[in-house]
Amino acid sequence: MKKPNITLKPKYYNKAEQILICFDYDREIIDLVRTIPNRQWSQNLQCWYVKRSSEAIDAIKDVLSIYQIDDSRIIKTPLLKLAHNKSLLTDDLRSILNGFYKYLKGKRYSKSTVDTYSMLVADFVAFHVDNPIDTLNNRAVELFIEDVYIARNYSISTQRQFISALKLFLVYYPNTAIASIALVRPKKSRTLPVVLSKQEVLLLIQCTKNLKHRAIIALIYSCGLRISELINLELRYIDIDRRQLIIKNAKGRKDRNVILAESFLPLLQNYLMTYNPIVYFAEGMTGGKYSPISVRKFLKKSSELAGITKTVTPHTLRHSYATHLLENGIDLRYIQSLLGHAKPETTMIYTHVSKKDLLQIESPLDTMVKELKVSGQGSQKVPLSGK
């Protein structure tokens, strides 16, 4: 049996539940995948996919039977009973959901927020499609969370988004039995960000042989960019003479300036002359915006080549940028401005991962050993290793 290198992943895409067929580039596998009924290629996702069903899973396993397939994520993520199936919605429900979508756009929420909130509320309404929407109450919300979010092991942040979306929906459409004030968001998980050392960042860049990929990694780290900011960065907002980037319409519809690293300029010039992008800093093979999926893929590959065992994502580079600035003595207020954080509390998380002050704290074990040496045992070594 050949090496296991095919993973099946569930994903809501193109308004339906899909199965992503993920594998490293292999001509033989590609030829086999092309024989799977109704399979499609996604340029954005950079992988093949097929509409999710038990028949599709059987077809995939049959065609790729000579390979060992990891389908654990499919097994752990059952299909929603009714979610996303718009064919089950009545015309009245469609009208209400379309009105909510327009309501969010009118409130000037970002496209990402509008799409996400609309989808989350549509899931909820579709799940209870057999019950009139006016009769839905807080217990209906609890049942949806228990039967869908808990069963599918959704993250706490997704559940918080759902509650936020539902609260807005109740403002738009108050004709339900749901008490908005009783909807409580679960507490946020307080996890510390993964941070690379300065040596690991350099090794990551050096191990990336592709010039475009190397330029992207270096720019994300040296400017602390979000992945969306990199993807949307236009060449006209790169001021090489002043060593500045203008980040336009970032999170919260805010513009900000960041400094270009002087050491990055030769790599930048080399990249621009070699690839000659037209509109965006990073463009796809046929022009247009580069795919964020592609960035995550080559970043993962580069981290493996560099021997980095930590989980490295584009946001890991942003976390590392902020932490290294703090360790270099830069004031938190300047870091907040460079990162584009609305609240200083968001930036404060980096004080918990910075080594600068932590290394100045002496462990009580070291204090104890020093006291023993001073109190008459100074000529003797205090053995801790047992040798």
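**Entry 1: strands β3 and β4**

I began with strand β3 (residues 40-42), which pairs with β4 in the antiparallel sense over three bridges; two strands count as paired if DSSP finds at least two bridges between them. Helices (H or I, at least four residues) and strands (E, at least two) are DSSP runs, numbered from the N terminus. Before going on I noted that this is a predicted model, in which local features need pLDDT of at least 70 and side-chain atom pairs count only at pLDDT 80 or more, while totals for chains, interfaces and linings use all residues. I also noted that residues are numbered from 1 along each chain as its sequence is written, and that side-chain values use heavy atoms, with hydrogens and water left out.

Within this pairing, I found that Ser42 has Cys47 in β4 as its bridge partner. The hairpin of β3 and β4 has four residues between the strands, and Gln46 is placed in that loop. I looked up the phi of Gln46 and found a positive value of about 60 degrees, although Gln46 is not a glycine. Gln46 counts as partly exposed because its relative accessibility is 23%; buried means under 20% relative accessible area, exposed over 50%, and partly exposed in between (1.4 Å probe, protein chains only).

**Entry 2: strand β2 beside β4**

Next I followed β4 to its other partner in my notes, strand β2 (residues 16-23), to which it is joined by four bridges, and the two run antiparallel. I checked two of the residue pairs: Leu20 has Tyr49 of β4 as its bridge partner, and Ile19 has Val50 of β4.

How many of the eight residues of β2 are buried? Eight of the eight are, so β2 is largely enclosed by the rest of the structure. In a regular strand the side chains alternate between the two faces of the sheet. In β2, Ala16, Gln18, Leu20 and Cys22 point one way, Glu17, Ile19, Ile21 and Phe23 point the other way, and all are buried. Strand β4 (residues 47-51) has four of its five residues buried, so β4 too is largely enclosed by the rest of the structure.

I then turned to helix α2 (residues 54-63), whose buried residues are Ala56, Ile57 and Ile60. They cover an arc of only 100 degrees around the axis, which puts them on the same side of α2; the arc is that of the directions from the helix axis to the C-beta atoms. An α-helix has 3.6 residues a turn, so residues three or four places apart point the same way. On the face of α2 turned away from the buried side I found the exposed residues Glu55, Asp58 and Asp62.

Asp71 was my next stop, in the loop between β5 (67-70) and α3 (72-76). Is Asp71 buried or exposed? Asp71 counts as buried, because its relative accessibility is 15%. Its side chain makes a polar contact with the side chain of Lys61 at 2.7 Å (a pair of N or O atoms within 3.5 Å; within protein, one must be able to donate a hydrogen and the other to accept it, and residues adjacent in sequence count only if both atoms are side-chain atoms). Leaving aside neighbours within four places in sequence, Asp71 is in contact (heavy atoms within 4.5 Å) with Leu8 and Lys61.

In the loop between α4 and α5 I looked up Arg108, a residue other than glycine whose phi is positive, near 65 degrees. Arg108 is exposed, with a relative accessible area of 61%.

Helix α5 (residues 111-127) has 17 residues that should span 24 Å at 1.5 Å a residue, and its end C-alpha atoms are 24 Å apart, which agrees; the expected span is 1.5 Å times one less than the number of residues. Among the buried residues of α5 are Val114, Tyr117, Leu120 and Phe124. The buried residues of α5 pack against α4 (91-106), α6 (138-150) and α7 (156-172).

**Entry 3: a second sheet, and the whole chain**

Further along I found three strands forming an open sheet in the order β6-β7-β8, with antiparallel pairing. The edge strands are β6 (238-239) and β8 (254-259), each of which pairs on one side only. Asp239 stands opposite Gln244 in β7.

Finally, I recorded that the chain has 17 helices and eight strands, and that 42% of its 387 residues count as buried.
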